[in-house]
Amino acid sequence: MKIIVIGSGFGGLSAAIRLQSQGHDVTIIEKRDQLGGRAYVYEQDGFKFDGGPTIITAPWLIDEIFQAAGKQTKDYVKLVKLDPFYNIRWEDGTVFHYNDDRETLLNEIRKINPNEVEGYHRLSKDLGEIYRVGFELIDQPFTSIWDMVKVVPEMIKLRSDRSVYQFASKYFKDEKLREAFSFHPLLIGGNPFSSTSIYAMIHELEQKFGVWFAMGGTGALVRGFGECFTDIGGKIRLESEVAEITMNDANGKATGVKLKSGELLEADAIVANSDVGRTYLDLIPAKFRKKYTNKKVKSMTYSMSLFVIYFGTNRKYENMAHHEIILGNRYKGLLDEIFVDKTLADDFSLYLHRPTATDPNLAPDGCDCWYVLSPVPNLEGAIDWKTEAEPYKQKIYEYLEKHYMPDLRKHIVSETHIDPRHFETTLNSYLGNAFGVEPTLFQSAWLRPHNLSEDVPNLYFVGAGTHPGAGLPGVMSSGKIVGNMIGKAV
Ligand SMILES: Cc1cc2nc3c(=O)[nH]c(=O)nc-3n(C[C@H](O)[C@H](O)[C@H](O)COP(=O)(O)OP(=O)(O)OC[C@H]3O[C@@H](n4cnc5c(N)ncnc54)[C@H](O)[C@@H]3O)c2cc1C
């Protein structure tokens with residue numbers, strides 16, 4: 001079959017490689033001038049800034065994609081395991097060094113509160129079961145209600161109706177430990193207070209298989225996938241935005257795409273890696289949408305957005321590890337402002353990325369390459385980023401200077417930033433969401449937009465907005481689901 005993949009995020013690349021390997025004739029159509037989507041690379045002043053994902057978990061999913069093409073990961077990219085996976089820091093100076101060594105982990109818990117070690121043993125035991133059930137769902141299509149009915153009893157048994165924070169609170173009384181074992185949904189756009197406790201399995205995933213980094217940055221992995229795809233005959237068109245999915249009036253099937261330039265491309269099937277909301281709203285005429293009407297798309301809830309500053313310093317800050325989770329004094333209060341009130345808080349919790357801790361080649365000699373990410377409300381909130389962006393940036397720098405990186409601003413020699421407007425306009429994401437449809441219980445599995453469109457019979461979805469959801473393991477698994485659904489070329 002002739003297949004067009006709209007978008008080259010990790011979900012699109014995963015599907016494209018698999019489908020090309022299965023004998024189809026696949027073309028990726030990407031709006032931007034590089035592959036990778038949210039994993040875009042900004043290169044400036046000798047620094048190489050990964051724009052998005054940096055924490056790689058479930059590395060076997062990457063191996064599987066290269067293997068599907070008859071290749072090996074090591075032929076394209078070198079992955080290294082990190083230690084610590086990350087530090088979790090609080091303003092009072094407490095640091096939790098987090099890795100997969102059981103004794104280290106128990107000692108770190110003991111340091112915070114010696115009475116909580118037993119709680120961790122219980123949590124760890126229960127997570128084993130959540131992981132077993134949760135990971136079974138990750139690469140299964142949920143296109144029929146029966147797929148859902150089959151797993152409901154286990155989900156009830158595991159109390160999936162509880163939030164990740166409620167789950168962590170069952171085992172720990174100490175607020176710091178509750179935060180350390182519940183912040184994970186933020187990595188995929190979810191609120192720890194409303195994301196289903198199934199997402200607590202991220203801890204188990206990290207414990208079983210580690211946290212990895214691609215030498216050369218995540219961009220090196222994107223490049224590897226891109227090369228692998230063209231090595232097996234796939235075609236890529238960059239700087240080509242799809243303006244419309246063309247339809248056959250008679251049978252309601254997609255016939256191809258129309259680019260913004262007016263060019264028409266034919267296809268037997270379309271795989272949309274573009275934002276689900278915007279794909280339905282903008283690319284498919286309303287008369288072909290019975291389920292995903294404008295009203296339905298607008299009634300779903302969307303993940304938070306992000307404010308990210310990429311910066312290079314002319315000195316190194318060896319006190320900071322590769323990944324730092326920096327938690328402020330407020331947890332629930334802050335998350336309520338981001339997810340519920342959708343206002344810009346005066347304080348923040350940050351994720352700080354220092355890839356030069358692992359790969360010094362990402363910056364000039366003696367320099368460090370960074371990004372700092374702050375979760376912020378999506379554009380449903382009424383924040384005017386035109387006026388708020390600069391003061392917000394300075395506030396983040398001030399905070400880092402005060403607590404962790406003395407004289408930071410004196411040492412910045414390169415800088416760029418993105419805010420929710422980038423997600424809305426550059427990445428065509430509804431309401432500037434950074435992680436697609438919000439991962440709540442009622443927007444998961446069968447209740448999430450399906451991998452096979454419920455409106456157009458030859459339109460498939462991969463990426464953060466469809467099942468199983470955001471994050472590299474999720475979006476790469478969506479590529480596997482769609483590869484399996486379409487099957488081999490006949
Ligand atoms: C700053 C940041 C940090 C993150 N950190 C991590 C992390 O450490 N670990 C982790 O696992 N996950 C992380 N995530 C989440 C993860 O990056 C995303 O969930 C994942 O990369 C999304 O992939 P995707 O397949 O949905 O495609 P996307 O990356 O969203 O790509 C979609 C592509 O479609 C293109 N497109 C859209 N519309 C059109 C159109 N009409 N025509 C042509 N092309 C179009 C876009 O240009 C884009 O390239 C992070 C996300 C962000 C933003």
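The buried residues of helix H13 are Trp-385, Ala-389, Tyr-392, Lys-393, Ile-396, Tyr-397, Tyr-399 and Leu-400. Buried means under 20% relative accessible area, exposed means over 50%, and partly exposed lies in between (1.4 Å probe, protein chains only). An α-helix has 3.6 residues a turn, so residues three or four places apart point the same way.

This is a predicted model: local features need pLDDT of at least 70, side-chain atom pairs count only at pLDDT 80 or more, and totals for chains, interfaces and linings use all residues. Residues are numbered from 1 along each chain as its sequence is written, and side-chain values use heavy atoms, with hydrogens and water left out.

**Helix H13**

H13 runs over residues 385–403 and has 19 residues. Its first and last C-alpha atoms are 26 Å apart, close to the 27 Å expected at 1.5 Å a residue. The expected span is 1.5 Å times one less than the number of residues. Helices (H or I, at least four residues) and strands (E, at least two) are DSSP runs, numbered from the N terminus. Asp-384 caps the N-terminal end of H13. A side-chain oxygen of Asp-384 lies 3.1 Å from the backbone nitrogen of Lys-386.

**Aromatic pairs**

The whole structure holds 32 aromatic pairs. Rings of Phe, Tyr and Trp (its six-membered ring) pair if their centres lie within 6.5 Å; planes under 30 degrees apart count as stacked, over 60 as edge-to-face and the rest as tilted. Two pairs are set out here.

| Pair | Centre to centre | Angle of planes | Type |
|---|---|---|---|
| Phe-307 and Tyr-392 | 5.0 Å | 85° | edge-to-face |
| Tyr-351 and Tyr-371 | 5.7 Å | 80° | edge-to-face |

Phe-307 lies in strand S14 (residues 305–313) and Tyr-392 in helix H13, so this pair ties together parts that are 85 residues apart in sequence. Both Phe-307 and Tyr-392 are buried. Tyr-351 lies in strand S16 (residues 350–353) and Tyr-371 in strand S17 (residues 368–376), so their pair ties together parts 20 residues apart in sequence. Tyr-351 counts as buried at 7% relative accessibility, and Tyr-371 counts as buried at 4%.

**Strand S6**

How many residues of strand S6 (residues 86–90) are buried? Five of the five are, so S6 is largely enclosed by the rest of the structure. Tyr-86, Ile-88 and Trp-90 are buried on one side, and Asn-87 and Arg-89 on the other. In a regular strand the side chains alternate between the two faces of the sheet.

Two strands pair if DSSP finds at least two bridges between them. S6 joins strand S7 (residues 95–98) by four bridges, and the two run antiparallel. Ile-88 has Phe-96 in S7 as its bridge partner. S6 and S7 form a hairpin with four residues between them. Gly-93 in the turn has a positive phi of about 100°. S6 also pairs with strand S15 (residues 323–327), in the parallel sense, over four bridges. Here Asn-87 stands opposite Glu-324.

**A three-stranded sheet**

An open sheet has the order S10-S11-S12, with antiparallel pairing. Strands S10 (242–247) and S12 (264–266) stand at the edges, each with a single partner strand, so one side of each is left without a neighbour in the sheet. Strand S11 (residues 254–259) pairs with S12 over three bridges. Lys-258 stands opposite Leu-264 in S12.

Definitions and conventions
Polar contact = N/O pair within 3.5 Å; in protein donor to acceptor, adjacent residues only side chain to side chain.
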